[in-house]
Amino acid sequence: MIDLKRTIKLPAENDHAKENEDGSVEVRLLNKNQTITLKRIPSIKCQYCGAETLPVLVGVLELKGKACTIGAYCTECEHTNQISTKDYTDPDTEWTVKKADGRPRCFFKDPIIKISEKFCSIYNEALYAEYLKLRDICGVGYRKALEFLIKDYCIYLHPERKQAIIRDDLGKCIAENIDNPTIKEVASRAAWLGNDESHYEKRWTNKNFRDLDHIITLLCDAIEQDEKIKSLLAEMPDQKKK
Ligand SMILES: [Zn+2]
């Protein structure tokens, strides 16, 4: 379930912020395959518990020009604060702190963001709908997010088949474009449950959008694993086969 206190859902370990040797921090934008460098992260007075702490960065929420708002949670009480500046490139810039808007967000990792930014943003809309207790809407939202994830993943694997992938239904896309048996099986379960969320008749009567969300998370994990293994094998090719 969504942890309402923290308002941030991390499906895996947090790897979207990295500290450089000079103390600046590289942060990847939420739902965008783009990184910015913050000269420094200010210490803040937490708007919930009043503690003066160095916040733990959880991601950039918005960015217009050089202005940005970042979500950061307090290490004392674990509530999320929003810290904002008009110019993140200026080391002497002023930061303002306020309570976060309470909207839950899921931070995805690199292979998933690279494969489908659209999936990440639709998923977060569905998550917000769930938070607002819009149960039927969020199910359809997770279903739509899933469709973008699977189709964009298939296009990522087979860019030359893009037009067919866009046109075909999900089941056909999965059967014809995904070779990894684990990913194929998980994706097909997700597609079955997804149909239940968007159609009049429900086939898997003991499952609901929470199960769909769970399978989407498993699918993201499986794709991440597969991509990691592929890069390892590319880095360390079998010498005997040379
Ligand atoms: Zn606090």
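In which handedness of crossing does α2 pass α3? Select both helices: α2 passes α3 in a left-handed crossing, meaning that the near helix is turned anticlockwise from the far one by less than a right angle. This is a predicted model, where local features need pLDDT of at least 70, side-chain atom pairs count only at pLDDT 80 or more, and totals for chains, interfaces and linings use all residues. Residues are numbered from 1 along each chain as its sequence is written.

Stay on this pair. The axes, lines fitted to C-alpha atoms over the stretch in contact, come within 8 Å and cross at roughly 165 degrees. That angle makes α2 roughly antiparallel to α3 (over 145 degrees between N-to-C directions, on a scale from 0 to 180). Show Phe 119, Ile 122 and Ala 126, among the α2 residues in the contact, with Gly 141, Ala 145 and Phe 148, among those of α3; contact means C-beta atoms, placed from the backbone, within 7 Å.

Next, select Ala 145, Ile 150, Ala 187, Ala 190, Ile 216 and Leu 219, which touch the most other members of the largest nonpolar core, a set of 39 residues. Such a core joins buried Ala, Val, Leu, Ile, Met, Phe, Trp, Tyr and Cys through C-beta atoms within 7 Å, where buried means 20 or more other C-beta atoms within 10 Å of the residue's own. The helix α3 gives the most to this core, with 9 residues.

Centre on Ala 187: leaving out residues up to four places away in sequence, Ala 187 touches Ile 150, Ile 174, Ile 178 and Leu 219.

Finally, move to another core, apart from the largest one, with 12 residues including Val 27, Cys 74, Ile 83 and Tyr 88.

Conventions
Helices (H or I, at least four residues) and strands (E, at least two) are DSSP runs, numbered from the N terminus. Two residues are in contact if their C-beta atoms, placed from the backbone, lie within 7 Å. Angles under 35 degrees count as roughly parallel, over 145 as roughly antiparallel, 65 to 115 as roughly perpendicular and the rest as oblique.
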